[in-house]
Amino acid sequence: MKKVSKLGASRREFLKSAAATAAFAAVGGLARSARGQSKEVIKIGQPTILSGRVARLGESSRNGAQLAIDGFNAAGGLNGRMLQLVTRDSKGRPDEAARVVRELINTDKCSIILDSEASSAAFAVQEVIRQTGTLCMHACSETTSLTADPKIRAANAFRCARQDIHDSIAGGQYAAQFVKQQGLKRWMICSPDYAYGRDVSALFFHFLKQNAPSVEVVSETWPKLFAPDYTENITKILQVKPQALYSALYGGDLVTFIDQGNLYGLFEQLTLFDPNMADYTTLEAVKKLPKGIHSGDRYLSTFPATKANADWAAEYQKKFNVPPINWSWQNYVGMTFIIEAMKKTGSVDSKTLADAIRGMTIDSPFGADGKITMRTEDQTIINYAIGWGVIIPNAPYLENIEPANWNVILELEKDWKKKKGYI
Amino acid sequence: MNLPALLDCVSSSSCVVTQVSTGLIIGMLLFLVASGLTLIFGVLGVINFTHGSFYMLGAYFALTAYRVSGSYFEAVIVRALGVAVFGVVFERLFISSVYNSNVLMQLLVCYAFILILDDVVKIVWGTDFQTMGMPSTFALPPIHLFGGFVPPFYVFLTGLTVAAAVGLSVLVNKTRFGKLVRAAAVNRQMLACLGVNTSLLYGAVFGLGSLLAGAAGALAAPVRSMSPEMGFSILIESFIVTVIGGMGSIIGAFFAAVLVGIIRAVGSIGYPLFTDGLMFAFMALVLLVKPTGLFGRKLA
Amino acid sequence: MALSGCLAVIVLALAFNNPQFADFVLRLTIFGSYALSLNLLIGYTGLVSFGHAMFFGFGAYAFGLLMQTERVSIPLAFAASIAGAAVLAVSIGALCIRLKDIYFGILTLAFQMLLHAVILSWVSVTGGDQGLQGGIPRPPFFGVDLSHPKQFFVLACVIFFGLVLLVRQIVESPFGYSLRMVRDNPERALALGLAVQRYKLAAFVISGTIAANAGIMMSLYVSGAYPNFAYWTLSGDGILMIMLGGMTVFLGPIVGAGIFLLLNGIITRTTEYSGLVMGIVLLSVVLGLRRGVLDFVVERCGNLGRAALFTRRIEL
């Protein structure tokens with residue numbers, strides 16, 4: 001018995017070492033081939049979500065970044081060196097995102113990371129690049145704490161995306177006038193039950209109440225993210241009978257909510273405020289759009305109403321055959337910052353580029369006044385166009401748009417950060 | 001946790017009525033899917049994890065059919081049948097080869113198919129979410145019922161589901177086919193010895209189960225948006241329903257589905273952030289007290 | 001055993017020069033020990049658990065939370081998390097082992113999803129769906145500084161080899177053989193006077209704590225803890241790993257984990273349709289080979305590999 005098992009053990013050891021060697025050879029081989037290619041090309045690693053329910057986040061992010069890169073390459077690149085985008089699917093899992101970023105940096109030799117992950121995975125990516133020191137531009141995460149919280153912030157990480165807090169300040173200001181005009185005192189919340197839904201809803205009311213203290217949140221309902229069915233939420237709303245409803249639902253969920261709400265005639269009984277309605281994919285999917293929904297703009301080619309914006313949208317549409325959405329412009333601008341820094345410094349070194357990007361202001365069709373600035377103190381963008389208006393069923397989809405006042409936003413943001421202990 | 005709101009509701013009759021009807025509505029669709037799952041398990045002894053994907057296929061097929069033909073009814077009927085056919089093929093080719101293997105093999109086959117089907121759907125219909133919209137037959141204002149509103153579409157859905165439940169019961173308990181099916185659940189070999197083509201029977205049962213899931217998907221299409229991976233949540237929920245009701249029991253699935261619907265409706269008032277947890281806790285409770293479920297019989 | 005020692009040295013030497021390989025080995029130690037622990041339960045004791053990820057997630061969160069208080073040293077947090085996992089395993093295990101066959105599995109799944117729901121809802125503590133943010137602090141202890149990647153790598157490998165040896169001891173001991181009897185013929189075991197339920201519970205607790213350890217290493221590796229660590233997909237992945245590698249051979253789960261990680265990496269690098277490709281690969285293995293890779297290899301290699309008690313086909 002003993003003799004046989006000893007032989008058995010060594011056979012297994014042999015198998016294990018054979019497997020390990022094969023694994024090493026495979027990985028090593030891949031690494032070697034990647035190294036060979038990176039002589040001329042500058043690689044930008046892009047972890048994102050290409051599968052599952054939010055796959056369009058990945059697609060639009062990739063498109064937006066590619067548009068910027070193609071423009072730069074067509075103009076000669078960085079002294080003849082072309083940019084190459086390496087996009088990889090993390091399926092939205094934070095540990096997979098961390099792995100993908102490590103792989104992009106170590107195996108694929110990417111010099112820069114354009115992080116197009118949703119907020120939970122963005123935190124995971126942040127920890128990886130904090131360790132490696134690689135320049136990272138977060139282009140999709142809207143969670144304020146990613147850049148506002150000094151414990152989470154990193155010197156080599158920037159964010160080029162709208163922020164919960166900016167959106168909510170703007171929304172709160174906008175809604176306050178309707179509270180006064182239409183006496184909308186009783187409000188209810190129906191937002192998806194996850195960090196984004198909770199944060200942005202809470203912030204909205206924080207700022208709304210500052211301007212209109214008579215507002216009262218009489219009830220809340222929190223459907224699960226991606227819930228297929230909102231019946232229990234809708235019936236609860238019908239029971240409570242609020243005058244106004246705030247919802248942070250977006251995309252397919254928002255469409256389902258509106259479709260199901262229409263069955264109950266929900267929107268004839270209250271006014272809906274949702275920051276995410278003005279998005280082309282959502283607008284085109286809703287079959288019966290109720291009247292009088294107030295929405296912030298996620299992205300519209302008609303806001304800002306400039307030729308630059310309309311031209312950009314047309315170029316995007318022509319190249320990718322779909323209209324641009326929120327993540328498209330965010331990734332485009334994120335890449336633009338990186339490209340401008342490269343042009344300015346002539347370098348690909350993470351620290352050099354980071355120093356250049358910090359505090360930079362660029363011309364952009366998506367700026368509130370034609371420019372967007374990367375704020376120095378917390379490395380996130382400000383002065384991008386935010387506007388709220390009323391939804392109409394056909395293009396341009398949003399009318400009576402009121403652009404947000406950035407002076408007010410910055411002031412209120414500063415107060416809020418002080419209260420949170422971030423500054 | 002919001003106990004005051006919960007107590008408030010319990011004491012108000014209109015609230016109770018609304019919540020119960022909400023629970024019923026949620027439960028009906030869940031029952032359709034769960035009944036297929038429980039049927040397949042009861043007879044074939046297989047937990048069909050791919051069931052959620054059949055639901056998804058039913059929805060997408062219906063979407064395409066509706067876009068092509070413009071008729072909702074044709075879309076539902078034809079496409080549900082399409083899913084059933086797919087189900088039979090799936091069963092013949094793949095599931096049958098793992099009948100006698102352990103449950104892990106079955107799990108792997110189903111999991112592999114979930115992955116494949118999700119990507120196939122992504123390739124054919126794209127990554128963006130799709131919507132069908134309410135067909136004009138049902139674009140009517142809500143009906144007033146006992147102080148609450150009920151959309152006519154849901155009335156139709158409920159009626160159809162109850163009819164399906166009755167039909168299924170009759171099929172299983174009163175017809176010859178049903179007798180064969182019940183016999184196969186007890187002892188397949190014996191039945192084969194008696195000259196019955198059990199392969200065909202198994203295929204038919206699987207086809208019926210998939211038909212139910214596909215029909216549920218097609219029926220729900222007007223009120224829900226579709227995207228790849230939409231099968232997951234319905235799979236988990238119908239699995240919970242099947243376990244609570246008893247694997248193999250149609251009546252059990254019906255009651256459990258309504259129960260789960262009511263838990264969700266009540267949960268959204270009293271425990272808005274923990275409704276999911278409530279459902280799993282209840283499932284654990286049932287398993288601990290009566291593992292075969294509320295209406296399940298002990299398997300032979 | 002000498003061979004495995006040599007292997008360890010080779011692995012370490014190579015890893016020091018290639019960060020990508022080091023990453024792979026690190027992840028192999030994490031998922032390899034996770035799969036090994038699951039096979040202890042499924043392969044050796046015959047208890048098919050669908051909810052194993054609950055221990056992985058618990059380990060990661062417990063450790064992460066303790067470290068984020070910044071008042072606990074790493075060894076203490078480690079020990080406390082393992083102890084906590086053991087308590088969890090005893091309580092849940094005691095309830096689950098009362099059920100037989102597939103109902104055991106379903107109940108473990110229910111408990112795991114319950115834990116997942118708690119993690120998601122208890123936002124003030126766990127961070128909800130965004131997980132633990134801000135990183136896991138790594139204060140040095142006993143001269144070891146885990147913020148240096150190389151030191152972390154060495155520690156991970158040492159712990160991994162220790163666990164492999166430990167599990168090997170367990171399955172080769174009388175206790176291990178009793179587990180096999182519980183798996184194959186519980187009535188006979190009972191008749192022989194074995195406290196079958198106690199053995200099942202012991203197996204449950206041991207495998208649970210090893211899985212929790214894997215979770216702790218994962219939380220250190222990604223510097224965080226996320227809800228999907230306790231989600232059913234991770235339980236499913238574990239089952240996949242042991243089936244890919246082979247349940248009847250001791251090292252099967254580890255090889256299976258390695259294959260799984262390699263496949264995952266290669267597929268995501270080469271195609272956008274990772275689900276399609278992975279699904280087809282899985283189908284081919286399941287319907288083609290019908291058993292794990294090592295099972296297959298060992299069977300083909302005939303008598304040499306065959307020690308009757310380990311390589312007999314498992315009937316579940």
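I will start with one residue pair: Thr373(A) has Ile382(A), in β13(A), as its bridge partner. Before going on, this is a predicted model, in which local features need pLDDT of at least 70 and side-chain atom pairs count only at pLDDT 80 or more, while totals for chains, interfaces and linings use all residues. Residues are numbered from 1 along each chain as its sequence is written, and chains are lettered from A and ligands numbered from 1 in the order in which they are written.

Back to the sheet. Strand β12 of chain A, residues 371–374, is joined to β13(A) by two bridges, and these strands run antiparallel. Two strands pair if DSSP finds at least two bridges between them. In chain A, three strands make an open sheet with the order β11-β12-β13 and antiparallel pairing. Its edge strands are β11 (361–363) and β13 (381–382) of chain A, each of which pairs on one side only.

Next, the domains of chain A. Domain 1 covers 22–141 + 305–375, and domain 2 covers 165–303 + 386–417; these bounds come from an automatic or database domain assignment. Their C-alpha centres are 30 Å apart. Across the boundary, 14 residues of domain 1 of chain A are in contact with 13 residues of domain 2 of chain A, where contact means that the C-beta atoms, placed from the backbone, lie within 7 Å. On the domain 1 side, α11 (307–320) and α12 (326–345) of chain A each supply at least two residues. That side has eight nonpolar, four polar and two charged residues. In this scheme Ala, Val, Leu, Ile, Met, Phe, Trp, Tyr, Cys and Pro are nonpolar, Asp, Glu, Lys and Arg are charged, and the others, Gly among them, are polar.

Now chain B against chain C. How many residues of chain B are in contact with chain C? There are 28, and they meet 29 residues of chain C. On the chain B side, α5 (103–125) and α12 (275–289) are the elements that give two or more residues. α5(B) gives the most, with 14 residues. By class, this side of chain B has 22 nonpolar, three polar and three charged residues.

α5(B) itself has 23 residues and reaches 32 Å from first C-alpha to last, close to the expected 33 Å; the expected span is 1.5 Å times one less than the number of residues. Of those 23 residues, 17 are buried, so α5(B) is largely enclosed by the rest of the structure. Buried means 20 or more other C-beta atoms within 10 Å of the residue's own, exposed means 12 or fewer, and partly exposed is in between, with C-beta atoms placed from the backbone. Just after this helix, Gly126(B) takes a positive phi of about 90°.

Helix α3 of chain B, residues 51–69, reaches 27 Å with its 19 residues, close to the 27 Å expected. In α3(B), 15 of the 19 residues are buried, so this helix is largely enclosed by the rest of the structure.

Last, chain C, which has 15 helices and zero strands. Buried residues make up 54% of its 316 residues.

Definitions and conventions:
Contact = placed C-beta atoms within 7 Å. Helix = DSSP H or I, 4+ residues; strand = E, 2+ residues; numbered from the N terminus.
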